[in-house]
Amino acid sequence: MIKYLKILSVISTIGMLLILLGGALVTKTGSEDGCGDSWPLCEGEVVPSEFTFEMVIELSHRAVTGVVGIVVVILAILAWVKIGHVREVKFLSFSSVFFIALQALIGAAAVMWGQSDFVLAAHFGISLVSFAAVFLLMLLIFEVDKKLDTEVLHIRKPHRIEIYAISIYTMIVVYTGALVRHTESNLVCRDWPFCTNTSPLALADYSFNQWIQMGHRLSAGILFIWTLLLTIRMIKNYHHNKVMYWGWIVTFSLILLQVFFGAMIIFTLLNLGVALMHALVISLYFGMLSYFILLSTRSSKHEKTGSNI
């Protein structure tokens with residue numbers, strides 16, 4: 001059964017990534033209103049009489065979300081029944097179903113009643129949390145056969161606090177990035193890393209959209225530096241543990257890629273493939289941080305109970 005759970009968890013995780021990318025594709029192609037204000041119908045019809053490009057994008061996203069949602073529910077039920085004795089499994093099983101349902105309901109509300117850009121920007125963050133729950137559930141299933149080297153890992157309290165802090169900050173950065181998309185501020189600054197490289201300090205001349213764009217760049221730059229410094233400390237303190245050592249190398253590599261694709265969005269004038277890679281990489285980065293949160297909560301529990309396991 002564990003073998004089939006592993007396969008199902010991998011399918012669910014890949015499916016959640018497809019939902020994230022599908023949502024980004026809907027936003028980036030302006031397909032939010034592809035089905036008008038109808039949900040779950042499209043233009044009030046089960047099968048639309050006429051199809052447009054935006055309608056196909058929106059319908060595809062809804063279909064993928066529905067199919068993946070069913071798969072996630074099946075995974076959550078089976079994981080609860082078969083490995084519910086593992087400390088985090090029941091919580092993550094519930095969270096996986098809850099957040100994918102919440103994500104779908106918020107998307108439906110945006111279609112039927114509309115929302116401000118500031119509210120819509122939170123949708124991607126909720127999608128990230130939904131992905132993280134499924135991703136962690138997958139890792140727990142793979143942990144059952146003890147192939148991951150985490151049994152004797154103890155993360156010190158200062159490092160745990162910093163992991164929690166950088167994860168919360170990442171959500172803020174993600175929100176600012178989503179706000180850039182929803183306010184159509186992607187290309188209001190044609191240079192990089194400054195809005196205008198020839199006059200980098202001309203802040204008084206910024207428009208509202210340029211402030212949004214540069215606010216995101218600044219917050220993303222801080223996240224990059226923070227991740228670099230934290231990676232160095234983690235490798236120095238936990239080099240004996242493969243999960244921490246390679247996990248933080250992967251995490252830093254992802255934030256490095258994120259900065260690269262962020263810059264390439266400007267240089268390629270919002271190339272769709274580049275923009276989707278930007279969304280994919282930050283999702284994987286947040287997934288890694290979520291795993292370190294899980295390991296940190298375990299360390300905290302073991303520290304309180306005096307357990308060595």
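This report describes helices, surface patches, backbone features and salt bridges in a predicted model.

## Basis of the model

The model is predicted, and local features need pLDDT of at least 70, side-chain atom pairs count only at pLDDT 80 or more, and totals for chains, interfaces and linings use all residues. Residues are numbered from 1 along each chain as its sequence is written, and side-chain values use heavy atoms, with hydrogens and water left out.

Helix α1 covers residues 2-28 and α2 covers residues 53-83. The 27 residues of α1 should span 39 Å at 1.5 Å a residue, and the end C-alpha atoms of α1 are 39 Å apart, which agrees. The expected span is 1.5 Å times one less than the number of residues in the helix. Just after α1, Gly-30 has a positive phi of about 65°.

The loop between α1 and α2 holds Asp-33 and also Pro-48. The C-alpha atom of Pro-48 is separated by 34 Å from that of Leu-187, a residue 139 positions away along the chain.

## Two surface patches

A patch is made of residues with over 30% relative accessible area and no salt bridge; like charges are joined within 9 Å, and nonpolar side chains (Val, Leu, Ile, Met, Phe, Trp, Tyr) within 5 Å. Accessible areas come from the Shrake-Rupley method with a 1.4 Å probe, and for residues only the protein chains shown count as cover. For charge, Lys and Arg count as positive and Asp and Glu as negative, while His and the chain ends are not counted. The place of a charge is taken as NZ of Lys, CZ of Arg, CG of Asp or CD of Glu.

The negative patch consists of Glu-32, Asp-33, Asp-37, Glu-43, Glu-45, Glu-50 and Glu-184. The nonpolar patch consists of Val-73, Ile-77, Trp-80, Val-81, Phe-94 and Phe-98, which together have about 600 Å² of accessible area. Both α2 and α3 (89-113) supply at least two residues of the nonpolar patch, and the largest share, four residues, comes from α2. Val-81 lies in helix α2 and is exposed, with a relative accessible area of 58%.

## Backbone features in later loops

Where does Pro-193 lie? Pro-193 is in the loop between α5 (157-182) and α6 (208-238). The peptide bond that leads from Trp-192 to Pro-193 is cis, with omega near 10°.

The loop between α7 (242-267) and α8 (272-305) contains Leu-269, and Leu-270 is also in the loop between α7 and α8. Leu-269 is not a glycine, yet has a positive phi of about 55°. Leu-270 is not a glycine either, and has a positive phi of about 65°. Leu-270 counts as partly exposed, at 30% relative accessibility.

## Salt bridges

Side chains of opposite charge can pair when their charged atoms come close. A salt bridge here is a side-chain nitrogen of Lys or Arg within 4 Å of a carboxyl oxygen of Asp or Glu. By this rule the count is five salt bridges.

One network of salt bridges links Arg-87, Glu-88 and Arg-298. The closest N and O atoms of Glu-88 and Arg-87 are 3.1 Å apart, and the salt bridge between Glu-88 and Arg-298 is 2.8 Å, N to O. Glu-88 lies in the loop between α2 and α3 and Arg-298 in helix α8, so this pair ties together parts that are 210 residues apart in sequence. Glu-88 is buried, with a relative accessible area of 10%, and Arg-298 counts as buried at 15%. Arg-87 is partly exposed, at 44% relative accessibility.

Glu-303 forms a salt bridge with Arg-160, with 3.2 Å between the closest N and O atoms. Glu-303 lies in helix α8 and Arg-160 in helix α5, so the pair ties together parts that are 143 residues apart in sequence. Glu-303 counts as partly exposed, at 43% relative accessibility, whereas Arg-160 is buried, with a relative accessible area of 4%.

Definitions and conventions:
Buried means under 20% relative accessible area, exposed over 50%, partly exposed in between (1.4 Å probe, protein chains only).
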